Amino acid sequence: VQDAAGGRDPGSGGDEGSQRRWKEEICRILGEIQAPLSSLLLRLCHWLLPKLLTRLFLSVQLHRGQLEMVLQAARTPEVPLVFLSSHQSQVDGPLLSFVLLSQGIGLPRVAVGARTSPRLRSLLQRLGGVFLPSGLAQTGSGRDEGLPGAVLDAYVQEVLRSRQPLVLFLEEPPGSLRLADPARRWLLRVLRALRDGAVPDVLVVPVGIAYDVAP
């Protein structure tokens, strides 16, 4: 992050005022990626979501054998879990988060698509949703991602080091059956974390979600 900040303005890297401005810019970018988790909202959603699911669906089915394999993988020391999920509806994120939390795997950080209103974005961030920073989302694929890219790299490394589960939805919009550009950018961060030795390994867990009728 320091290298990326210095590269944008090489002549102003040493004075105190410039360092303060860079710190403010870095905190702004980090604030676009995530927000502090709200324990009150998390408890409310954990209580409300089962009631919502029983109204939406006749049943929610999990494969017990596959779930046991995931639980066994979650007990592997020092190795974070990255869930790569198909994307069928806007209910996928809350549904998958609830399943992982209810099974004791932990509250995941869930990558959310950019097409969200500011209020919904703020709410989802406090429930564990993470977003690409605006400076990165506007950068064309393969171009220099600058400071937003460096902050996102550092953020993903910290998520993996702390063994927070990370959920990446591969399609955008839901059901499009093609790898979305945001998914590519998140996957690139995971690969860089492995390449740079931030974590010794990553357990990649494929997730399939299917509905008789998508909500």
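Q: What does Arg163 count as at 31% relative accessibility?
A: Arg163 counts as partly exposed. Buried means under 20% relative accessible area, exposed over 50%, and partly exposed in between (1.4 Å probe, protein chains only). Before we go on: this is a predicted model, where local features need pLDDT of at least 70 and side-chain atom pairs count only at pLDDT 80 or more, while totals for chains, interfaces and linings use all residues. Residues are numbered from 1 along each chain as its sequence is written, and side-chain values use heavy atoms, with hydrogens and water left out.

Q: Where is Arg163 found, and what is its phi near?
A: Arg163 is found in the loop between α8 (146-161) and β4. Helices (H or I, at least four residues) and strands (E, at least two) are DSSP runs, numbered from the N terminus. Phi of Arg163 is near 60°, a positive value in a residue other than glycine. Glu78 has a positive phi too, about 65°, and is not a glycine either. Glu78 sits in the loop between α4 and β1 and is exposed, with a relative accessible area of 56%.

Q: How do I read the sheet, and in what order do its strands come?
A: Strands of a sheet pair through backbone hydrogen bonds, either parallel or antiparallel. Two strands pair if DSSP finds at least two bridges between them. Here, 5 strands form an open sheet in the order β3-β2-β4-β1-β5, and the pairing is parallel. β3 (129-130) and β5 (203-207) stand at the edges with a single partner strand each, so one side of each has no neighbour in the sheet.

Q: How many bridges join β4 to β1 and to β2?
A: Strand β1 (residues 81-85) is joined to β4 by 4 bridges, and strand β2 (residues 109-111) is joined to β4 by 2 bridges. Take Val167 in β4: Phe83 stands opposite Val167, and Val167 is also the bridge partner of Val110. Further along β4, Ser85 stands opposite Phe169.

Q: Are the faces of β4 covered or open?
A: Both faces of β4 (residues 166-169) are covered. Leu166 and Leu168 are buried on one side, and Val167 and Phe169 are buried on the other.

Q: Which residues form the aromatic pair?
A: Rings of Phe, Tyr and Trp (its six-membered ring) pair if their centres lie within 6.5 Å; planes under 30 degrees apart count as stacked, over 60 as edge-to-face and the rest as tilted. The structure holds 1 aromatic pair. Phe57 and Tyr211 form that pair, and it is stacked, at 5.7 Å centre to centre with 25° between the planes. The pair links distant parts of the chain, 154 residues apart: Phe57 lies in the loop between α3 and α4 (64-74), and Tyr211 in the segment after β5. Phe57 counts as buried at 15% relative accessibility, and Tyr211 is buried with a relative accessible area of 18%.

Q: What does the side chain of Arg185 make a polar contact with?
A: A polar contact is a pair of N or O atoms within 3.5 Å; within protein, one must be able to donate a hydrogen and the other to accept it, and residues adjacent in sequence count only if both atoms are side-chain atoms. The side chain of Arg185 makes such a contact with the side chain of Asp181, at 2.9 Å. You'll find Arg185 in helix α9 (residues 181-195), where this arginine counts as buried at 5% relative accessibility.
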